[in-house]
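This report covers pockets, cavities, salt bridges and local packing in one structure. The sequence and structure come first.

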Amino acid sequence: MSSATPPSTQPVGAPTAIACDIFCAVIDNFGDIGVCWRLARQLASEHGWQVRVFVDDLHAFQKLCPSLVPDRARQAIGGIVIEHWHEPTHAGETLEVADVVIEAFACELPPIYIAAMARRERKPAWINLEYLSAEDWVADFHLRPSPHPHYPLTKTFFFPGLGPGTGGVLKESQLDASRAAFEASQPAREAWWLKTTGRAPPPAEATVVSLFAYENPAVDSLLEQWRDSAEPVVLLVPEGRISGALARFFRLPSFAAGSHAARGSLSAHALAFTEQPGYDALLWASDFNFVRGEDSFVRAQWAARPFVWHIYPQADDAHLPKLDAALAHYAHTLSADARDALARFWHAWNGVGQADWADLQRHRAALKQRAAKWAAELAQVGDLAGNLALFAKSQLK
């Protein structure tokens, strides 16, 4: 990511490159634009595509990309054009149809853009990028075509997933090497701690936990367990929706970025919201990661550390089968005891039962080993950007 690159008004890219438009409506939080921005950067940097991103909420986007100018209609960052999308009718300052059109998370393309797609002599590859799910039915629906009812166009459903027959998940080609370099360099880790928290790294006997979550009633009990732990726990908390609970626990007016607090065995640092590459380093610096939604869930898997997932809650507990499907993939090689402990904790963190940190920590060695093996297994599915690029090219022949 080149967040230091100043925005410009002109796109950068080879004129012969495949042109790709990604449409993204920010529904809630940062997950939608987080996935789209990762995908855009990878398609541009690793596949040489000329990418344009239409997004309706530039203020949310700026959190992930600080160099973005939120009141600018069109700008380019790192060679990727950003259009402020005034949905549902807006299609950019100039109506241009790309070779590959990605409709992220069923956001619905502007009617004027669809009509222009139909007029194009060589029809674009139209892809509906869906939300990530680990459920078995995903492989059956992945790459399923959907003809348009009025135009000579076909949309293809592209499903991210954790198993064979799906689109996989996003992973940059250099990610493993970057993580290995961080892990192998004590100076790099010390510099990260100093820059991120203003403090030196904690002692080796401390358990470092990153906490990124939606509002969660289970956090109060967990903070108490960490406070009463026999060994020190160092908590790293990106500023966000969980910050209020930390402030109440530490009896502070707020727990904003730069705050530090301690009670019993627990010490905590509030971190500024970070751009995407910075979040990976946070996961690598931690022994255990609490993540939420889709983007951080995927990054935690590549970090090869034990983690707990706070899945986006849905009405009538529709999210719980999705949680269990992910567990089925991730935990299937664990011993029954370790698998049950992990499942109990994941369920408790998602509102079913009581979170028992000591129960989970009894299986720490097995969970650590499984996290590393799972990252290798997941890589066999292929990365989402690569799989999508391969499919799109097959449609453009």
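## Largest pocket

Helix 1 (residues 31-47), helix 9 (276-285) and helix 10 each supply at least two residues of the lining of the largest pocket. Helices (H or I, at least four residues) and strands (E, at least two) are DSSP runs, numbered from the N terminus. The largest share of this lining, five residues, belongs to helix 1. On a 1 Å grid over the protein atoms alone, a pocket is an open set of points with protein on both sides within 12 Å along at least five of seven lines, while a cavity is a set where a 1.4 Å probe fits but cannot get out; lining residues have an atom within 4 Å of a point.

The model is predicted: local features need pLDDT of at least 70, side-chain atom pairs count only at pLDDT 80 or more, and totals for chains, interfaces and linings use all residues. Residues are numbered from 1 along each chain as its sequence is written, and side-chain values use heavy atoms, with hydrogens and water left out.

The largest pocket holds about 780 Å³ of space. Its lining consists of 35 residues, and Gly-31, Tyr-214, Gly-293, Glu-294 and Tyr-312 are the closest to its centre. A volume is the space filled by probe spheres set on the grid points, which are joined across faces, edges and corners. By class, the pocket lining has 17 nonpolar, nine polar and nine charged residues. Ala, Val, Leu, Ile, Met, Phe, Trp, Tyr, Cys and Pro count as nonpolar, Asp, Glu, Lys and Arg as charged, and the others, Gly among them, as polar.

## Cavity

There is one cavity of 30 Å³ or more, and the largest cavity contains about 90 Å³ of space. Of its 13 lining residues, Val-35, Leu-170, Glu-294, Val-298 and Leu-384 lie nearest the centre. Helix 1 and helix 10 are the elements that give two or more residues to this lining, and helix 10 provides the largest share, three residues. The cavity lining has eight nonpolar, no polar and five charged residues.

## Salt bridges

The count comes to 20 salt bridges (a side-chain nitrogen of Lys or Arg within 4 Å of a carboxyl oxygen of Asp or Glu). One of them joins Arg-38 and Asp-295, at 2.7 Å from N to O. This pair links distant parts of the chain, with Arg-38 in helix 1 and Asp-295 in helix 10, 257 residues apart. Arg-38 and Asp-295 are both buried, where buried means under 20% relative accessible area, exposed over 50% and partly exposed in between (1.4 Å probe, protein chains only). A network of salt bridges links Arg-38, Glu-172, Asp-280, Asp-295 and Arg-299.

Asp-359 and Arg-362 also form a salt bridge, with the closest N and O atoms 3.1 Å apart. Asp-359 is buried at 10% relative accessibility, whereas Arg-362 is exposed at 61%.

Helix 11 (residues 320-331) has twelve residues and spans 16 Å from its first C-alpha to its last, close to the expected 16 Å (1.5 Å times one less than its number of residues). Its buried residues include Leu-320, Leu-323, Leu-327 and Tyr-330. Among the elements that cover them are helix 10, strand 14 (307-310), helix 12 (336-349) and helix 14 (364-379).

Thr-156 lies in strand 8 (residues 154-158) and is buried, with a relative accessible area of 8%. Beyond four places away in sequence, Thr-156 contacts (heavy atoms within 4.5 Å) residues including Trp-126, Leu-143, Arg-144 and Phe-391.
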